[in-house]
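Biologist: I am new to this structure. Please take me through one part closely, and then show me what lies around it.

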Amino acid sequence: MSSQEVIKIEDDFTLIRFQNDGSEPFYAQHEIVGTGLIQFHFGIKGNAKFLFNQGSYALELKEEKSLLLYNPQKELPLNLELAPNSWAISVIVSIKKFHALFSAEADYITFLSPDNKDKKYYNEGNISPSMAIVLSQLFHYNLHPSIKNLYYKGKGYELLSLYFNRTEDPNAEQCPFLIDEDNVLKIRKAKEIIIANMAEPPGLQELADEIGLNLKKLKMGFKQIYGDTVYGFLFDYKMDFARKLLDSGSYNVNEVGLKIGYSTGSHFIAAFKKKFATTPKKYLMSINANV
């Protein structure tokens, strides 16, 4: 249900896929040897945290967000806490290799400028539609193992180039179902709509009409980006939301069920048990026992 795959693309260039499809947090570590390494982190689905100084400091990595971390003075070990139903990708590249790629553009890329080359650097940004396509391809490839490394290498460099692209390239490589970046934005809009209306979500055809995509592109595109069907994604989201409401201590089981769209308590209890292998009442008892 949870995995960490490390792909060494070249010397000083590593790509790591983190995937947690379970119902518990997944803790992953990757040793970072030496200083002068740039870390790019991409939140594809769900949420993650990078923990520093034995957990006393944390940086959040949210869905559809990116982090760039660089510290030339000290090592930044990679300690990741990946929330349930979350995916992330990290790219680790040495400043020497990276500078060679962009040497003519050092003034354009802020942290490579002469004034900053010896300073630590942090940046949070959005994952652009073209980057979302490449990140999706890194999770959904169907290629012969003999060319896997070559494929990752190409996608790794493509991801870096898109990260620093100041204007979106409308001709970026496209996956077969998303067709173009405009459709990525439409799929994201679909996700926002079903979350905003989780108690009474629209039907698939209604949702497709609202975002301006045909039904096939909605279903295939949603699966490409979020790794699940529309209603499969919504079910996971609703159950996680229900657990947070129970954690707050402000609602009873029936109230939580109604808030997320279950008209009868028994249906909510069955859904919660399917997701977390325990009933909401037992979950509440376990919380209270630990207080």
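Modeller: Start at Lys49, whose bridge partner is Glu81 in β8. Keep in mind that this is a predicted model. The two strands here are β5, residues 48-52, and β8, residues 78-82. They run antiparallel and are joined by 3 bridges. In general, strands of a sheet pair through backbone hydrogen bonds, either parallel or antiparallel.

Now widen the view. β5 and β8 belong to an open sheet of 4 strands, in the order β3-β8-β5-β6, with antiparallel pairing. At the edges are β3 (26-30) and β6 (57-61), and each of them pairs on one side only. From one strand to the next, the twist averages 25 degrees.

β4 pairs with β9, residues 86-94, in the antiparallel sense over 8 bridges. Within that pairing, Phe40 stands opposite Val91 in β9. β4 also has 5 bridges to β7, residues 65-70, and these two strands run antiparallel as well. There, Ile38 stands opposite Tyr70 in β7.

Follow the chain out of β7. Asn71 is found in the loop between β7 and β8. Buried or exposed? Asn71 is buried, because its relative accessible area is 9%, and the limit for buried is under 20%. Leaving aside neighbours within four places in sequence, Asn71 is in contact with Thr35, Gly36, Leu76 and Lys120.

The buried residues of α6 pack against β4, and against α2 (129-139), α4 (181-196), α5 and α7 (230-248). Which residues of α6 are buried? They are Leu218, Gly221, Phe222, Gln224, Ile225 and Tyr226. These residues cover an arc of only 160 degrees around the axis, which puts them on the same side of α6.

Look at α5 and α6 together. α5 covers residues 204-211 and α6 covers residues 215-226. Their axes come within 9 Å and cross at roughly 95 degrees. The two helices are therefore roughly perpendicular to each other, since angles of 65 to 115 degrees count as such. At the meeting point, α5 brings Leu204, Gln205, Leu207, Ala208 and Ile211. From α6 come Leu215, Leu218 and Lys219. Leu218 is also one of the buried residues of α6.

Finish with α9, residues 265-276. At 1.5 Å a residue, its 12 residues should span 16 Å, and the end C-alpha atoms are 16 Å apart, which agrees. Phe268, Ala271, Phe272, Lys275 and Phe276 are buried in α9. Seen down the axis, these buried residues fall within an arc of 110 degrees, so they line one face of the helix. An α-helix has 3.6 residues a turn, so residues three or four places apart point the same way. What does the face turned away from the buried side of α9 carry? The exposed residues Ser266, His267 and Lys274 are there. After α9 comes Ala277, whose phi is positive, near 60 degrees.

Methods
Residues numbered from 1 in each chain as written. Predicted model: local features only at pLDDT ≥ 70, side-chain atom pairs only at ≥ 80, totals over all residues. Heavy atoms only, no water. Expected span 1.5 Å × (residues − 1). Buried < 20%, exposed > 50% of the residue type's maximum accessible area, 1.4 Å probe, protein only. Arc of directions from axis to C-beta. Pairing = 2+ DSSP bridges. Axes fitted to C-alpha atoms, helices over the stretch in contact; angles between N-to-C directions. Parallel < 35°, antiparallel > 145°, perpendicular 65-115°, else oblique. Contact = heavy atoms within 4.5 Å.
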